[in-house]
Amino acid sequence: GWYAATTVALGERTGLLDALLAGGGTAAELASSAGVDRRNASAWGDAMVVAGYARRDGDRYAPDEEAVGPFRGGFPFDLRAVVGFLAAAGAMFPHIEAAMRDGAGIPAAELQAGLGELPSRINAPMYEAFLIGDWIASQPMLEVALMKGIDVAEIAPGDGTALRRLAATFGASSFVGFELDRRQVEHANSAAVHDGLTNVRFEVAGGRLPDASFDLVCVFDAF
């Protein structure tokens, strides 16, 4: 439930989750590893036991691998980002409620400030695992077209993870992402440069899409 997710999110932010996954230990050992107060480390460990994520043997806490193992990675979703998103979204509830009442919406910059990179982190492992080898490969005509070279746009690409993955695989095609938040655009373009990609770019779309033509338009992470 929400309380369990919040407990994991606190562990992620403080380092207690990493300390538990490293083998656990006493409250004092967890506190020392994470750099937090011992009493609060004990309270967090007890909460993790109640939530089913940990076991307690005497004064030592150990991870329940079946429950907490996916937080080590290797899962189609970044579960650490999921619980972080739930906690961050909870803090934004007053803004969301106000937006639902007055219909004014939430500015992209405000949403980005509240959620940060969490939405993009959630699905990044899924794109790495499935985007090319499963989703694109399941559409042979599209795969051939991308190999030969087409113009592709993505609406609301966030940090550009999915589009950069496509650009890295299909060098003959051209890719552009249209995003409302300027900071996300700057981050995505910097990541593309770091990856050595010259066939992808990201632009700020101020509420309207440009008058342009594309062979393929994608929407992966918009919400």
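D46 is partly exposed because its relative accessibility is 30%, where buried means under 20% relative accessible area, exposed over 50%, and partly exposed in between (1.4 Å probe, protein chains only). The model is predicted, so local features need pLDDT of at least 70 and side-chain atom pairs count only at pLDDT 80 or more, whereas totals for chains, interfaces and linings use all residues. Residues are numbered from 1 along each chain as its sequence is written, and side-chain values use heavy atoms, with hydrogens and water left out.

**Salt bridges**

Across the whole structure, a search finds seven salt bridges, each defined as a side-chain nitrogen of Lys or Arg within 4 Å of a carboxyl oxygen of Asp or Glu. Side chains of opposite charge can pair when their charged atoms come close. Three of these pairs, including the one formed by D46 and R56, are listed below.

| Salt bridge | Closest N and O atoms |
|---|---|
| D46 and R56 | 2.8 Å |
| R101 and E97 | 3.2 Å |
| R165 and E128 | 3.4 Å |

D46 forms its salt bridge with R56. This pair links distant parts of the chain, with D46 in helix α4 (residues 38–51) and R56 in strand β2 (residues 54–57), ten residues apart. Helices (H or I, at least four residues) and strands (E, at least two) are DSSP runs, numbered from the N terminus. R56 is also partly exposed, because its relative accessibility is 43%.

R101 and E97 both belong to helix α7 (residues 93–102); because they lie four residues apart there, about one helical turn separates them. R101 counts as exposed at 68% relative accessibility, while E97 is partly exposed at 42%.

R165 pairs with E128 in a further salt bridge. Distant parts of the chain are again linked, R165 lying in helix α11 (residues 161–169) and E128 in helix α9 (residues 118–136), 37 residues apart. R165 is partly exposed at 25% relative accessibility, and E128 is exposed at 52%.

Strand β2 belongs to an open sheet of three strands in the order β1-β3-β2, with antiparallel pairing. Two strands pair if DSSP finds at least two bridges between them. The edge strands, β1 (25–26) and β2, each pair on one side only. Four bridges join β2 to the antiparallel strand β3 (residues 60–63), and R55 stands opposite A62 in β3.

Helix α4 lies across β2 and β3 and runs at about 115° to β2. Contact means heavy atoms within 4.5 Å; axes are lines fitted to C-alpha atoms, for helices over the stretch in contact, and angles run from 0 to 180 degrees between N-to-C directions.
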